[in-house]
Amino acid sequence: MPSVLEVRGLTKKYSEGDSQVKALDNVSFSVEQGEFVLIVGSSGSGKSTLLNMIGLLDSPTRGKVFIDGMDTSKLDDNQISSFRNKKLGFIFQFSNLLNDLTVLENVLLPRQIAGSDDTARKEAVELLRTVGLEDQLHKRTNKISGGQAQRVAIARGLITHPSIVLADEPTGNLDSVTSENIVKLMKSMAKKLNQTFIIVTHDRQHFGHADRVVTIRDGRAVDETFDETFDETFDETFEDTLEVAT
Ligand code: ADP
Ligand code: MG
């Protein structure tokens, strides 16, 4: 069986006027099915760039992303869209729910895009029960709290049975208790469903939940997690987050 994800020599350069930013520099690692992986690092280190490459939302300057053994650089634009819809689930910082729809309708949406089927509704209700929202099914999503919205986003991310669920700072907009509960919920879903999660965070309270931590510094994957450089930049980043949250 191939790894669920293999990232090989991933490099991304952005041009800015005359200068170039190397946002990712030769990053390689692989992830097995059911792993709960955190990608950590300070602000600007390249975490979102990495997640966008894995999510096939942007293409690398150099290097490759293999998902379930498929070399994704071989896919054309149309194939990438359907491959993404089939293989990947996304959870964002601001849950990106459609407020005109109910909780249940939001969860069903990715399945409807993939094509109609008989079991979708039953599965969506079951997922929403698992994330503790069985009594909110028919509420509009502008009537629920931030923590509840992320629970809906988790159910929506899982409804297509993706190979990987990708989440970029999914708790960045939540208070620390709610944030901890959301990470624990994702971890329990990973174990219950043998579901692979790759989650970007800079919040060290979550590190203990990871099966594995990939630390990014200046676009490179480094081994040490709790090193001093990270500690220093952590506080600044945390203050940024508080500003956004208030
Ligand atoms: P993180 O998610 O860890 O905060 P990013 O991946 O967003 O970091 O950014 C990594 C680096 O790449 C930063 O220096 C950022 O300014 C730069 N960068 C990100 N996206 C772009 C872009 N679209 N154009 C130019 N520079 C970018
Ligand atoms: Mg980011």
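1. Ligand 1 first: the residues around it are Y14, E16, V21, A23, S42, S43, G44, S45, G46, K47, S48 and T49, each having a heavy atom within 4 Å of the ligand. Keep in mind that this is a predicted model, where local features need pLDDT of at least 70, side-chain atom pairs count only at pLDDT 80 or more, and totals for chains, interfaces and linings use all residues. Residues are numbered from 1 along each chain as written, chains are lettered from A and ligands numbered from 1 in written order, and side-chain values use heavy atoms, without hydrogens and water.

2. By class, that shell has 3 nonpolar, 7 polar and 2 charged residues. Strand 1 (5–16), strand 2 (19–31) and helix 1 (47–54) each give at least two shell residues, and helix 1 has the largest share, with 3 residues.

3. Now the contacts with oxygen atoms of ligand 1. The K47 side chain has an N or O atom 2.9 Å from one. From the backbone, an N or O atom of G46 sits 3.0 Å from a ligand oxygen, and one of S45 sits at 3.2 Å. The protein covers 62% of the 560 Å² of accessible area (Shrake-Rupley, 1.4 Å probe) that ligand 1 has on its own.

4. Elsewhere, look at helix 4 (residues 120–130) and helix 6 (residues 176–193): their axes come within 11 Å and cross at roughly 130 degrees.

Conventions:
Polar contact = N/O pair within 3.5 Å; in protein donor to acceptor, adjacent residues only side chain to side chain. Helix = DSSP H or I, 4+ residues; strand = E, 2+ residues; numbered from the N terminus. Nonpolar A, V, L, I, M, F, W, Y, C, P; charged D, E, K, R; others polar. Axes fitted to C-alpha atoms, helices over the stretch in contact; angles between N-to-C directions.
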